[in-house]
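Subject: Structure for you to look at

Hello,

I am passing on a structure that you have not worked with before. Please open it alongside this message; the notes below say what was found.

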Amino acid sequence: MITCQGKSVFSGVAIGKIFVYKKAENTVEKYQIEDPAAEFERFKAAQAKAITQLQALYEKTCKDIGEEEAMIFEMHQQLLEDLDYVESIQGIIENDKLNAEYAVFVTAEQFAAMFIAMNDEYMSGRAVDVKDVSERVISILNGSQVSAEAMPEPVIILAEDLAPSETVQFEKDKLLAFVTQKGSANSHTAILARMMNLPSLVTTDIELNMEYHDKMAIVDGFTGKIYIEPDEVTMAEMKEKQKRAEERRRMLQTLKGLPTVTKSGKHVHLYANIGGVEDVDAVLENDCEGIGLFRSEFLYLGREDYPSEEEQFEAYKTVISRMAGKKVIIRTLDIGADKQADYFNIAKEENPALGFRAIRICLERVDMFKTQLRAIYRASAYGKASIMFPMIISVSEIIRIKEIVEEVKEELRQNDIPFGDVELGIMVETPAAVMISDQLAAEVEFFSIGTNDLTQYTLAIDRQNQALEPFYDAHHDAVLRMIQKTIENAHAHGAWCGICGELGADMELTRRFVQMGIDELSVSPPFTLELRKKIREID
Amino acid sequence: MKEIKYVVTDPLGIHARPAGLIVKMAAGYKSAITIDNGAKKADAKRIMAVMSMGIKQGQEITVTVDGEDEDVAAPAIETFLKENC
């Protein structure tokens, strides 16, 4: 039995086999080969395998999503079979007597450069396709590939770190836990793990050893430990622990249907944070009173092109209809920083957290912003929708947003498309917004404090940088005073104020937030009942 | 040898998806099939080459079909262009 220690981001116990998830090696070796014919055969075998995988991905996508979305994988197969592409690789192997990995790498770079040189935003995006399929072949060649689509049964994912676009590609019913070497309690993998109710560990001192692949393991989300090939005693102990955790979960179920009020009768709205349509089940399951944060960027991630208005409308409409008259607060696109999609073609930034992201992208790319707003307004006819805007720093941004919103509404009216009464609010997640929260509150109907970014910007601590953990204090007085000031200014100017960041679920602070006068807490669905219990115990 | 002239109407031009469909279709015929937009020429069976032409909306392209099955291939390609590009 091997025991490793990490930092737990969600409690619970998961028992199952390990799946080692490795990204394709970034460094491609270059070396001379003796037998070009054999080397080219090695390439042909890897190419055939990659095409089979892409075909499987095509079929899976056809079945799960639709043929339209699946076609990209058919195009990817064609790229791999392209004669110019193959001839280039063959040339490098045969004439220069270099290894197949290197030949594929150089060829991909050349074709990618050709697409980028076309000076056409759409076509330069195809450079990504060429590199993507080439990386697949390279990882087959150098044996580093374990593809995400090959998971036969629910597994514990072991990875160095996971980007949001990687996390979303896993099928939710095939996941038992995430265990990562890097990451932090605030990383998006951690947020997703909580969302999906998966006991998970970050900053784990575990090797990314291929020998662990398929081995039985236990993740203990209470202690942050992972046991690989556990002995019988540990297994029995953990099964017992899993059972107790399950019982506690059942006890919390008895709180369903009860109001979230303190003993003195102060009501706190208990809402849920979600990333997509598929999370609504968890929202209803945990008896959340509304949705306080619908992270719409997940509609934009893990894909090749912008989602259409129809596609977004369907997603918003489904969530709003299923919530049946309960409030659904949709946050407009919050992409940038640690959430990236290649087709946005955002230039590489030295400091993305302080860069071109969220509302800044929307206000520069107004057509894209309007598409999203139109989709939300159309969906608002089916229930109770609210919109909030991320990364606000100035009153002028709100004025501009309201102008755009008015244009969208006017267009809808002219086309006789119905829409509901939509409450507008903002995320308060920059120290700037806190400092002028009195002015901002006069312009909007509500605030939702995004404590993750607010903490990172207030403390000047990068939330992705684990080396800074010793300096990081989630309960830093500076942050708590920011929250207090925001709530006071909201109330003084007729707006309500909630928290949708991770601090909202921090039970050690619940009492304090209630004393500060917080109106709403929006948390991952699995925390709802626990939090309701806590609030009901406050005097 | 058969020749088809066609003005592209798709707002995105012949982007990745139609290029993929053209290549898939061209590969089904024995004839040599080339696309010419005046500036560049490409073998219609090679996707990288077709995509790299960067054919835009409003551009006229000339497709040349030359080979034993050109009588079947040419009309099929013409219909395809009208429906998809």
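This is a predicted model: local features need pLDDT of at least 70, side-chain atom pairs count only at pLDDT 80 or more; totals for chains, interfaces and linings use all residues.

Chain A, the barrel

Chain A holds a closed barrel of eight strands, in the order β9-β10-β11-β12-β13-β14-β15-β16, and the pairing is parallel. From one strand to the next, the twist averages 25°. Strand β9 (residues 269-274) of chain A pairs with strand β16 (residues 520-523) of chain A, in the parallel sense and over four bridges. In this pair, A:Ala272 stands opposite A:Val523 of β16(A). Across β9 and β16 of chain A lies helix α20 (residues 528-537) of chain A, which runs at about 160° to β9(A).

Chain A, two packed helices

In general, two packed helices are described by the angle between their axes and the distance between the axes. For helix α11 (residues 309-322) and helix α13 (residues 366-379), both of chain A, the axes come within 8 Å and cross at roughly 35°. The crossing of α11(A) and α13(A) is right-handed. On the α11(A) side, the contact is made by A:Glu309, A:Gln312, A:Phe313, A:Tyr316, A:Lys317 and A:Ile320. On the α13(A) side, A:Thr371, A:Gln372, A:Arg374, A:Ala375, A:Ile376, A:Arg378 and A:Ala379 take part. Sorted by class, the contact of α11(A) with α13(A) has six nonpolar, three polar and four charged residues.

Chain B

Which strands does β4 (residues 60-66) of chain B pair with? One is strand β1 (residues 2-7) of chain B, joined to β4(B) by six bridges and running antiparallel to it. Another is strand β2 (residues 32-36) of chain B, which is antiparallel to β4(B) and joined to it by five bridges.

Confidence

Chain B averages a pLDDT of 89, and 100% of its residues score at least 70. Within chain B, confidence is lowest in helix α1 (residues 16-26), with a mean of 86, and highest in β2(B), at 93. For the complex, the predictor gives an ipTM of 0.86 and a pTM of 0.58.

Regards

Notes
Residues are numbered from 1 along each chain as its sequence is written. Chains are lettered from A and ligands numbered from 1 in the order in which they are written. Two strands pair if DSSP finds at least two bridges between them. Axes are lines fitted to C-alpha atoms, for helices over the stretch in contact, and angles run from 0 to 180 degrees between N-to-C directions. Two residues are in contact if their C-beta atoms, placed from the backbone, lie within 7 Å. A crossing is left-handed if the near helix is turned anticlockwise from the far one by less than a right angle, and right-handed if clockwise. Ala, Val, Leu, Ile, Met, Phe, Trp, Tyr, Cys and Pro count as nonpolar, Asp, Glu, Lys and Arg as charged, and the others, Gly among them, as polar. pLDDT is the predictor's confidence in each residue, from 0 to 100.
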